[in-house]
Amino acid sequence: MSKINAIITGIGGYVPDYVLTNEELSRMVDTNDEWIMTRVGIKERRILTEEGLGTSYMARKAAKQLLQKTGVDPDTIDALIVATSTADYQFPSTASIVLGKLGLKNAMAFDFWGACCGFIYSLDVVSSMIQSGRYKKIILIGADKMSSVTDYKDRSTCPLFGDGAGAMLIEATEEENIGLIDSYLRTDGKGLPFLHMKAGGSVCPASHFSINHRLHYLYQEGRTVFRYAVTNMSNDCVLVAERNGLNKDNIQWVVPHQANMRIIEAVAKRLELPMDQVIVNIEHYGNTSAATIPLALWDNESKLKKGDNMLFTAFGAGFVHGASYYKWAYDGNK
């Protein structure tokens with residue numbers, strides 16, 4: 001019996017219309033364009049400003065574009081998974097809302113909480129589902145409305161984050177040496193104090209105290225997170241590359257989590273790759289958490305060729321981190 005591989009066969013994306021620039025941020029907190037660009041490399045970010053719309057809205061928009069681009073029959077979708085840290089509600093799942101809006105009739109749906117590693121973690125899970133033979137077509141969406149957990153009075157974090165969603169159709173194939181080849185995924189549970197949201201969960205439910213003390217916003221100890229991210233993303237990429245015979249001569253693309261330009265540059269330097277082989281869109285979107293890698297691929301789909309060797313890598317709250325070796329399965333057509 002032939003081995004089943006899991007391949008990405010199409011990408012859709014969505015970012016909100018509203019552009020929050022560094023100049024506008026400088027009128028909200030004590031910051032400026034030079035400070036933000038020098039430290040993180042972000043010029044602008046997209047923000048979902050319409051009242052009553054959450055992560056599911058962006059996820060649905062990305063998935064709808066995906067269905068239109070691929071022409072896949074919605075009734076053949078077996079599962080829909082949303083990687084997110086900013087679910088619409090505590091329950092039901094954001095994925096179930098998206099599924100209902102899309103009118104999928106034969107699929108299960110669930111959310112995957114992997115913070116900024118949500119995409120590469122869930123891609124590994126989805127690939128295993130496909131390889132089991134029980135699922136043929138799965139929609140995987142990375143989506144986050146980071147503006148909903150960003151404190152726009154905190155100059156150290158508010159320039160970093162934006163909103164967006166990227167959706168992928170992942171299908172089964174018997175073609176050999178294609179799709180997700182290898183992953184190295186790890187979690188360091190010591191990361192809690194350095195990156196978290198203090199309130200809103202079962203430890204500290206919403207209350208007058210939590211609201212008055214602004215505990216429903218993301219908290220980050222930037223220097224520690226930066227150090228861990230550079231070390232782990234670089235090490236993880238090198239490990240996956242070495243055990244798969246990859247090097248600067250046969251890696252076509254690195255697609256890193258878009259959190260900080262200095263982190264991205266450090267990963268490229270460790271791999272001895274020029275920056276023109278690193279897919280980057282952080283300048284325009286900022287950190288959209290689980291959506292960053294899907295959006296980067298969506299933005300650059302036309303550059304991708306069948307057989308391209310790619311490394312995905314990410315780091316996030318938890319601390320979660322990892323890298324994946326993916327061999328692209330079709331010529332880009334965006």
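Two strands are taken to pair if DSSP finds at least two bridges between them. In this predicted model, five strands form an open sheet in the order E1-E7-E6-E4-E5, and the pairing is mixed. Strand E1 (5–14) and strand E5 (108–112) are the edge strands, each pairing on one side only. From one strand to the next, the twist averages 20°.

Strands of a sheet pair through backbone hydrogen bonds, either parallel or antiparallel. The parallel sense applies to strand E4 (residues 79–83) and E5, which pair over five bridges. Within this pair, Ala109 in E5 has Leu80 standing opposite.

Helix H5 (residues 118–131) lies across E1, E4, E5, strand E6 (137–145) and strand E7 (163–173). Relative to E6, helix H5 runs at about 165°.

Strand E7 contains Asp163. This residue is buried yet has no salt bridge. A salt bridge requires a side-chain nitrogen of Lys or Arg within 4 Å of a carboxyl oxygen of Asp or Glu, whereas Lys145, the nearest side chain of opposite charge, is 6.0 Å away from Asp163. The side chain of Asp163 does reach the backbone nitrogen of Met146, at 2.8 Å. Not counting residues up to four places away in sequence, the residues that Asp163 touches include Val15, Pro16, Arg46, Ile47, Leu48, Met58 and Thr288. Asp144, Lys145, Met146 and Ser147 are also among them.

Helix H10 (residues 292–299) is mostly covered, with seven of its eight residues buried. The buried residues of H10 are Thr292, Ile293, Pro294, Leu295, Ala296, Leu297 and Trp298.

Technical notes:
Residues are numbered from 1 along each chain as its sequence is written. This is a predicted model: local features need pLDDT of at least 70, side-chain atom pairs count only at pLDDT 80 or more; totals for chains, interfaces and linings use all residues. Side-chain values use heavy atoms; hydrogens and water are left out. Helices (H or I, at least four residues) and strands (E, at least two) are DSSP runs, numbered from the N terminus. Axes are lines fitted to C-alpha atoms, for helices over the stretch in contact, and angles run from 0 to 180 degrees between N-to-C directions. Contact means heavy atoms within 4.5 Å. Buried means under 20% relative accessible area, exposed over 50%, partly exposed in between (1.4 Å probe, protein chains only). Lys and Arg count as positive and Asp and Glu as negative; His and the chain ends are not counted. A polar contact is a pair of N or O atoms within 3.5 Å; within protein, one must be able to donate a hydrogen and the other to accept it, and residues adjacent in sequence count only if both atoms are side-chain atoms.
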